[in-house]
Amino acid sequence: MHPRIEDYALIGDEQTAALVGRDGSVDWLCLPRFDSAACFARLLGDTDNGHWRIAPKDVEGPCTRRAYRPDTLVLDTEWETDEGAIRVTDLMPQRDRAPDLVRIVEGLSGRVTVRSTLRLRFDYGSVVPWVRKSDGHRVAVAGPDSVWLRSEPEVPTWGKNFGTHSEFTVEKGEKVAFVLTWHPSHEPRPPLIDAHKALHGSVRDWRHWVRHCRYDGPYRDAVVRSLITLKALTYRPTGGIVAAPTTSLPEEVGGVRNWDYRYCWLRDSTLTLNVGLSAGYREEAEAWRDWLLRAVAGDPADLQIMYGLAGERRLPEFEVPWLSGFADSRPVRIGNLAVDQLQLDVYGEVMDSLALAREAGLPTKPHIWAIQAALMDWLREAWRQPDEGLWEVRGGRRHFVHSKVMVWVAADRAVRTLEKNPKLQGDLEGWRAMRDEVHREVCEKGYDAERNTFTQSYGSRELDAALLLIPRVGFLPPDDARVIGTIDAVRAELSHHGFLRRYSTDETTVDGLPGGEGTFLACSFWLAEALHMTGRTQEARELFDRLVGLTNDVGLLSEEYDPVADRQLGNFPQAFSHIGLVNTALALFGGTGAG
């Protein structure tokens with residue numbers, strides 16, 4: 001039986017990440033970066049596409065229990081067998097030069113025989129490396145990639161079926177540590193790390209980082225786990241945050257809605273900054289702000305909706321035919337064609353983020369306002385165009401209401417920044433006029449007076465969960481009858497077993513794709529926040545409680561949830577979902593960050 005998405009836990013070193021299953025198998029790992037080719041791709045195929053399992057011999061199923069060590073990204077997985085019990089501790093310590101995957105086996109009771117099966121398959125499970133022995137190590141090489149495997153104390157290994165195998169026994173208190181290290185094959189082996197010192201240092205560093213968290217309200221464990229996850233999805237060298245560390249986990253099992261999320265989206269920027277600033281992580285917020293500035297620098301007409309980890313612009317999309325996909329959900333895609341779309345909302349999100357950073361007192365830089373003014377000058381002419389919208393539809397451009405609302409946000413933040421900082425240069429009156437014109441047009445063309453709701457696009461009767469953000473961004477006050485009507489309409493028409501879809505996929509051509517998808521977790525968090533803003537706090541808290549209840553056994557959320565099959569869907573873990581959890585907790589219980 002194929003594992004479910006929620007069967008996985010995350011470990012990482014803030015430059016890449018691995019997914020570890022309940023059965024003790026590392027089924028996904030890209031080296032050396034989040035967006036590199038995977039060397040373990042069983043997640044999207046089978047065991048021949050690469051994995052590394054450590055578990056008691058003859059035990060095929062899941063572990064007895066597992067958990068992160070409190071306030072860390074260090075994972076403990078335990079098995080109880082007739083022979084005794086063992087624990088496998090998995091981590092990826094912050095790297096000095098090379099990425100290391102550390103797996104420490106410890107005997108807890110009795111005398112247990114343990115088996116390790118390592119199948120390295122470079123280039124997304126397609127390339128079998130040449131493996132040799134060297135100074136007590138197993139060395140695997142193929143093209144640009146080289147991986148070293150060693151154990152402490154050394155245990156015998158043998159090759160079989162293009163894999164590296166070992167068996168050993170542990171008694172109570174005995175430990176065997178494995179370290180897998182990647183480096184470019186043309187370079188010498190990097191310095192060896194001490195696995196036990198790496199474990200101690202990782203636990204210490206994570207707990208020190210968590211102590212900076214300012215949130216001390218209800219659901220603190222869920223909030224802290226979400227913050228750790230967001231930190232783990234941050235590419236430390238640049239400050240960029242990937243939407244997820246995976247590609248092509250399906251939004252519908254067996255369907256084609258499978259996308260690569262190992263990149264950084266501008267749409268997440270304001271919400272991410274709000275999380276960092278409100279929860280006490282100014283350093284991370286500043287790093288994200290600086291990544292944003294580097295990424296958007298250049299001709300405003302060339303602004304993209306997403307970028308690579310260091311701000312790369314070219315993210316070509318292609319399919320990998322040799323992988324069968326998660327639960328046979330094809331195709332498996334690498335790269336993302338949506339990078340070439342026009343999404344006008346990102347201009348609003350960038351302007352909002354930089355205004356928030358300025359108001360929070362993040363150190364300013366002389367070129368920031370020049371970039372913002374250039375964005376506004378371009379947007380003043382371009383905002384009348386239709387676009388693909390924040391959901392990256394592939395069914396043709398429309399005048400999406402959320403996109404126009406975010407154009408209003410861009411103009412509003414520009415105006416407010418000039419009003420508060422009169423020394424800055426800009427077309428204050430022109431931007432005020434633009435702000436008023438956009439507001440007037442949205443209220444005329446994007447509002448259905450008959451149903452008392454804003455609509456997904458001009459002239460449409462369809463709805464969109466992104467309309468819930470109207471009061472959050474300040475386009476209309478929460479007590480406006482049109483806002484309340486929109487919240488009620490969205491909840492009535494897009495609700496599915498108590499959670500929200502992004503939009504209807506039943507009778508629409510808006511996204512140009514066949515099939516459906518699950519409920520979108522970020523949208524359900526937006527609903528909870530919108531209910532709170534309109535005075536329905538008890539309903540908001542009840543919804544929030546149900547959403548937190550969807551986290552898996554180690555506190556992680558994917559992009560979507562299927563309430564009928566009771567399973568998570570989409571790429572995992574998903575930054576947008578965890579950002580929603582933290583921001584909604586701050587709004588409901590934190591006294592800050594209410595937006």
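**Exercise 1. Two cis bonds**

In which loop is Pro331 found? Find the cis bond that involves Pro331, then find another that involves Pro153.

*Solution.* A word on the ground rules: this is a predicted model, in which local features need pLDDT of at least 70 and side-chain atom pairs count only at pLDDT 80 or more, while totals for chains, interfaces and linings use all residues. Residues are numbered from 1 along each chain as its sequence is written, and side-chain values use heavy atoms, with hydrogens and water left out.

Step 1. Pro331 is found in the loop between β20 (318-319) and β21 (333-334). Strands here are DSSP runs (E, at least two residues), helices are runs of H or I with at least four residues, and both are numbered from the N terminus.

Step 2. The bond joining Arg330 and Pro331 is cis, with omega about 0 degrees.

Step 3. From Glu152 to Pro153 the peptide bond is also cis, with omega near -10 degrees. Pro153 belongs to the loop between β12 (145-152) and β13.

**Exercise 2. Positive phi**

Locate Glu14 and Ala327, and decide for each: buried, partly exposed or exposed?

*Solution.* Step 1. Recall the background: most residues other than glycine have a negative phi, and most peptide bonds are trans.

Step 1. Glu14 is not a glycine, yet its phi is positive, about 65 degrees. Glu14 lies in the loop between β1 (8-12) and β2 (17-21).

Step 2. Glu14 has 3% relative accessibility and so counts as buried. The cut-offs are under 20% relative accessible area for buried, over 50% for exposed, and partly exposed in between, with a 1.4 Å probe and protein chains only.

Step 3. Ala327 also is not a glycine and has a positive phi, about 50 degrees. Ala327 lies in the loop between β20 and β21, and with a relative accessible area of 22% it is partly exposed.

Step 4. Now look at Thr234 in strand β16 (residues 234-235). Thr234 touches Glu14, Gln15, Phe34, Gly239, Gly240 and Ile241, not counting residues up to four places away in sequence; contact means heavy atoms within 4.5 Å. Thr234 is buried, at 11% relative accessible area.

**Exercise 3. Aromatic pairs**

How many aromatic pairs does a search of the whole structure find? Work through the pair of Tyr219 and Phe544 and the pair of Trp391 and Phe520.

*Solution.* Step 1. The search finds 21 aromatic pairs. Rings of Phe, Tyr and Trp (its six-membered ring) pair if their centres lie within 6.5 Å; planes under 30 degrees apart count as stacked, over 60 as edge-to-face and the rest as tilted.

Step 1. Tyr219 and Phe544 have ring centres 5.1 Å apart and planes at 85 degrees, so this pair is edge-to-face. The two are 325 residues apart and link distant parts of the chain: Tyr219 is in the loop between α2 (195-210) and α3 (220-232), and Phe544 is in helix α12 (residues 537-548).

Step 2. Tyr219 is partly exposed at 27% relative accessibility, whereas Phe544 is buried at 0%.

Step 3. Trp391 and Phe520 are edge-to-face, with 5.1 Å between centres and 65 degrees between planes. Trp391 is buried, with a relative accessible area of 7%, and Phe520 is buried, with 2%.

Step 4. Return to Phe544: together with Tyr219, Phe525 and Phe589 it forms one aromatic cluster. Phe544 is also among the contacts of Leu588, neighbours within four places in sequence left aside. Leu588 sits in helix α13 (residues 575-590) and is buried at 5% relative accessibility.
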